[in-house]
Amino acid sequence: CSKMSQADGALQKNVKPRSPKLCGTNYPLSIAFIVVNEFCERFSYYGMKALLTLYFLNYLHWDENLSTAVYHAFSGLCYFTPLIGALIADSWLGKFKTIIYLSIVYVIGHVVKSVGAIPDVGDTTVHVALSMLGLVLIAIGTGGIKPCVAAFGGDQFEEEHMEERTKFFSIFYMSINAGSVLSTVITPMLRGDVQCFGGDCYALAFGVPAALMVIALVVFIAGSRLYKRSPPQGNILLDVLRCIGFALKNRWRSSSKAPKRKHWLDWAEEKYSKRLIYEIKMVLRVLLLYVPLPMFWALFDQQGSRWTLQATRMNMDFQSGFILKPDQMQMLNALLILVFVPIFDICIYPLIRLCKINLTPLKKMAAGMVLAALAFVAAALVEINVTGTVVTAPMANESLLQILNLAGEEVTVDLADSDIFPKTLSSFEDPWEYQTLNLWANTTELNFTLDYKLSKSSCQLKFTEKEAYSLALYEEDTGIKCKLITDVIEKSDSGYAGLRFINGLANSTHITVGSEEFENVSGNYGVSMYKTVQRGEYSDVKCRSGQKEYAIDLGLLDFGASYTVIITQVSGDIMSFKKMEDIHANNVHIAWQIPQYVLITAGEVMFSITGLEFSYSQAPATMKSVLQAGWLMTVAFGNVIVLIVAKGGGLEQWAEFVLFAALLVGVCILFSIIAHFYTYVDPDELARMVDEEENEDLKKNGTGQPCVHMDQMVKSTKM
C-alpha cells in the first residue's frame, strides 16, 4: 500500500530520495510506525499508572497518605526527566537513538516493576525495592522520550506538506488518548478479575503494559530504514542558560560607573547576539506567567490518587452485571477529552465570540482554573457523603464499642459513670452503633453490669486505646456470659466486603466463602478472623460441622460493608444463622464522581490545550522547546505540591479538597493580575525587526545604538 515517491533529480549526486508514502498520500509511511509506537507506549504508561495507588495500598500495605505521596513523586519525576531526554537528543545522540536507548530503559523498568509484584520473589523489602527501582527507570524512560517522539514524527514530513504535518499531530494526540482509555479499562480488569498468588493479579496487570512497551520498541525499530533523521543541532536550552548566566555575571562584575542598560539581559550583548537576547526576553515574559500554573496540575493529577481512593469507598454497581472498578474511573478523563475538544472548538468558543466576548487565551486558562476548583468543590461534597458510612477511628485515650446480643432474650447493659448506658438490646438485634469509651490510661479495665432474665451479673473487660471492639453476650447454663472481640473498622481499599463468623455450635466449623477459607472456627462462640471477599451474592456458602456439610445463603455482601455472621444452631439438615452489618455498605454511587470529572476535563481543555497553543504562539521558532520544558516543569512542581500536602497536611479528605480548591482560586486571581499586564507579541514581527536592527548596526560598524526595542514589538491586546 506504499509507493516510492522521488524528488525531481533524485539521481543527481547528493540528492536523497524521499521516503515511501502511505497509500498514495503525502503522509510518509514512517509515521505509521511512530503512531503505533506512541499508542503502545501510552497504553503501557497509563495502564501501569492506573494501578499504582491501589498497588501501594493493597500489595505493599502503605497508608493512604504515603501511597498518595509516592504516586505524585513518581508523576513529578516523569515530568522532570524530559529535560534529560531533550538534552541527550539535541546535544549528543539525536532523536532516533535517544528514543531507542531510553525505550530500552523503559522496558527494563516495566519488567522490574512486574517482577516486584510477584509474592514469591521475596519479602516486603524486596518488593518495595524492586517497585521503586522499576518506577525510577520507567520515569527516566517515559520522560526521556516524551520531548522526542512527537518532534521526530514532525521531522518526517517535507516542507511543502505542512497541512499533512498538522493533521499528523491530531492523529498523534488521538493515539495518546486511545491508548489511555483502553489501558485504564483493561489493566484494572486484569488486576481484579484475574486471581493469582491468592489475590489480585498485580503481576499480570503490570506485565501486560510491559509487553506493550516491548511491542512499542519493536515497532519503532522496525521502521528504522524509513525514518528521516536530523543530526543533533545543539540544545537551545543550554544556550539560554549560558546567556542568562553571562548577563548576571557581567552585571555583577561591572563597576558602578558603567552605563545603565534598559534590561539586565542587555549585559550579555558583549558575547551574545541581540536576536538571542530579545528571544530570551520574550521567553522570560511567558515563563513569568507559568509561575502560578503548578497549582492547576496539583489538582488535576489527583485523579489517579485521591479521587481513586474516594472511588474505593463508593458503590460501583451499574446493574445488569456491570461493576466498575475504582481505578477504571480514570478513563473518563481521556474519554471526555475526545468529546470536549471538538465541542469547545465547534460550539462553545464560536458562541462566545457571537456574544461579542473577547475570550483571549489567558482568559481561557483562568476559566480552566476556576472549573478545576469547582471540580474539587464537587469532590468535597461527594466525600462528605461518602464518609457517612465510614467509622471514625478512636483517638488517644478512647476506644470504640458495639454490643452483639447472642442470648435468647433481651439484655440490659450498664456501665457506671457513663451517659451512653444503660442500653437494652433484643436477642440477635443488629449491633448497636459504635460508641466511644473514654479511657483514663493507655490500658484500663471497665466493669459492665448485665441484667438478664431478672438476674444481674457483671464482667470486667480490658480495653486498649485507639482500638475498636465488639462485646458479644451469649447464654450458658450458668447464665449470661460476655466476650470482648477486637474489630477491624477500616473499609477495604478495593471496595471488597469484610466478613467474619462467630460459631455458636458445640463443634468447630469449617466455612468456604468463594475462594476464602475460614478454617476450624472453634465452637462455643469462637470467632474467626476478618477476611475480605469480592462484592456479590453468596447463596451457596459451604459450612462443615462434624461429619456433615451444610449450605447457607448469605445473600448480598455489598461494597465496603463488614459483616458478622453468627451460626446459631443446627436442626436436621438446616444450619441457622444471623447476619449482622458491623460497618455500613458504600451507599454513594460512583456515578456521583462524573460531575467532578466533567468539570476537571473541561478545565483541562481550556487550560492545558490553550496554554500549549499560547506558549507556541508567543515563542520564537528557536525557543519553542524552551517553553515546552518550562510547561513540563509546571506539571512536575504541581505533583510536588500534592506530595507535600499529603505528607504534612493532616486534614480530613473533604477539607483537603476544599483547601486545594481555595488555593487554586487564589492562584487564579494572582494569574489574572499578571496576565492583565501581559501584552501579546508576534514572533515573526520580532524576527523581522531584529534583523532590520542588526543590519542597521552592521552599517554603523557596530557603533550605532539599537533603534528598535521590545516595547515596539508588542501588540496592545491585554488579557
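User: Buried means under 20% relative accessible area. This is a predicted model. By that cut-off, is Cys78 buried or exposed?

Analyst: The cut-off for buried is under 20% relative accessible area. Cys78 has 1% relative accessibility, so Cys78 counts as buried.

User: What relative accessibility does Cys148 have?

Analyst: Cys148 also falls in the buried class. That class needs a value under 20%. For Cys148 the relative accessibility is 1%.

User: Which cysteine is joined to Cys196 by a disulfide?

Analyst: A search of the whole structure finds one disulfide. Its S to S distance is 2.0 Å, and a disulfide needs the sulfur atoms within 2.5 Å. Cys196 is buried, at 17% relative accessible area. Its partner, buried at 6% relative accessibility, is Cys201.

User: What is the handedness of the disulfide between Cys196 and Cys201?

Analyst: The torsion about the S-S bond sets the label. For Cys196 and Cys201 the torsion is about 110°, so the disulfide is right-handed.

User: Which helix gives the most to the nonpolar patch?

Analyst: The patch lies on the surface and is formed by Val377, Leu381, Ile384, Trp654 and Val658. Together these residues have about 420 Å² of accessible area. Two elements give two or more residues each: α12 (361-386) and α15 (653-676). With three residues, the top contributor is α12.

User: Is Leu381 buried or exposed?

Analyst: Leu381 sits in helix α12 and belongs to the nonpolar patch. Exposed means over 50% relative accessible area. Leu381 is at 52%, so Leu381 counts as exposed.

Methods. Residues numbered from 1 in each chain as written. Predicted model: local features only at pLDDT ≥ 70, side-chain atom pairs only at ≥ 80, totals over all residues. Heavy atoms only, no water. Patch = residues over 30% accessible without salt bridge, like charges linked within 9 Å, V, L, I, M, F, W, Y side chains within 5 Å. Areas by Shrake-Rupley, 256 points an atom, 1.4 Å probe, with all protein chains shown as cover. Salt bridge = Lys/Arg side-chain N within 4 Å of Asp/Glu carboxyl O. Helix = DSSP H or I, 4+ residues; strand = E, 2+ residues; numbered from the N terminus. Buried < 20%, exposed > 50% of the residue type's maximum accessible area, 1.4 Å probe, protein only.
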